[in-house]
Amino acid sequence: MTTVFVTGANGYIGQAVCTRFQIADHSVVGLVRGSGAAKALSARGITPLVGSLDDARTLAEAARAADLVVDTASADHADSTRALLDALAGTGKTYIRTSGTGVYTDLAHGELNERIFTEETEHSPAEVVATRWATDQMVREAADRGIRTIVLRPSMIYGDGASEQLPLLIRQAISSGRSLYVGRGDNRWGNVYLADLAEAYLLAAEKAVAGSVYNLAAGEARMGDIARAVAQGLLGVEEAESCEPHVAYAAFGRRWVDVALSSNSRVDSGKARVELGWHPQGPDLLDDLVSGSYRRLWAHKADPHDHVVSASRD
């Protein structure tokens, strides 16, 4: 039985990845930060390892003991990535890094960018994501050190009422009664359903070659349309509202706005479909927001008669 070591095992991506590898009859060891999370993993049949990304020795020992390492904990912790690669050098084992299509962010402030990226497109990343891009390159180059390295770049992940970007939009909308987008809201992000993403990890472990990278998106949507779906599905109002960047910064935080909410991140995932046999099947993102998992899990928290305004209209 293959042993898979998963960092961030109790996170949004990590939980789905652990479950998919379990279903495929792999033994899973999961890195978590505390005893409560460890108990939760044990209840799911996963062997917990309590530690952090700053504990290079723990990471190295776990990586050497496993047959396959799947790193889902952080795309921006270069030191832990380096520690895992150093531990695996010369072993021929597989290391899968979770990056993201945010490396293609263009700081567009709600304007549409027609450019669509493949894995081989020449690209100079924005400064805010330059370290993430450099870490991707470090992982790919580590294939020359006797490691089967693979970089996966998920787009906007959705499903099960969660995500990284979407809860930011949802919480702000519920607290203020206004679903916001920046500028014209014409900027577009690729998106991928959580279960389809987990399937891509398994397929990559089975089929990808050393040094490979895959952009993962099943579709894409305008950010203005996403905000409108939040308004309709959770607030019961027909339209979202445009705002200036400084208003969005106050509501969401500057990095989130620049990288994830007002930028474009448009990718072609044909390589994953052809080389890995990846065929995403999840529901449409906007449908899931309006009438699916997000409405089921969040709508009861939205009271149209009781809002605390969290962003100025100016």
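**Exercise 1. Determine which residues of helix α1 meet which residues of helix α7, and classify the crossing of the two helices.**

Solution. Step 1: from α1, the residues Y12, I13, A16, V17, R20 and F21 are in contact with L194, L197, A198, E199, Y201, L202 and A205 of α7. Contact means heavy atoms within 4.5 Å. The model is predicted: local features need pLDDT of at least 70, side-chain atom pairs count only at pLDDT 80 or more, and totals for chains, interfaces and linings use all residues. Residues are numbered from 1 along each chain as its sequence is written, and side-chain values use heavy atoms, with hydrogens and water left out.

Step 1: sorted by class, this contact of α1 with α7 has eleven nonpolar, no polar and two charged residues. Here Ala, Val, Leu, Ile, Met, Phe, Trp, Tyr, Cys and Pro count as nonpolar, Asp, Glu, Lys and Arg as charged, and the others, Gly among them, as polar.

Step 2: the axes of α1 (residues 12-23) and α7 (residues 194-207) come within 9 Å and cross at roughly 55 degrees. Axes are lines fitted to C-alpha atoms, for helices over the stretch in contact, and angles run from 0 to 180 degrees between N-to-C directions. Helices (H or I, at least four residues) and strands (E, at least two) are DSSP runs, numbered from the N terminus.

Step 3: α1 and α7 are therefore oblique to each other. The classes are roughly parallel under 35 degrees, roughly antiparallel over 145, roughly perpendicular from 65 to 115, and oblique for the rest.

**Exercise 2. Describe the largest nonpolar core and the contacts of F21.**

Solution. Step 1: the largest nonpolar core has 35 residues, and those with the most contacts inside it are F21, V70, I96 and Y201. Such a core is a set of buried Ala, Val, Leu, Ile, Met, Phe, Trp, Tyr and Cys residues joined through side-chain atoms within 4.5 Å. Buried means under 20% relative accessible area, exposed over 50%, and partly exposed in between (1.4 Å probe, protein chains only).

Step 1: helix α7 gives this core its largest share, nine residues.

Step 2: leaving aside residues up to four places away in sequence, F21 touches V4, H26, V28, L68, V70, Y201, L202 and A205.

Step 3: a second, separate core has 31 residues, including Y193, A221, V230 and L285.

**Exercise 3. Two residues lie in the loop between β7 and α6: D160 and S163. State for each whether it is buried or exposed.**

Solution. Step 1: most residues other than glycine have a negative phi. D160 is not a glycine, yet has a positive phi of about 60 degrees. S163, also a residue other than glycine, has a positive phi near 155 degrees.

Step 1: D160 counts as exposed because its relative accessibility is 51%. S163, with a relative accessible area of 12%, is buried.
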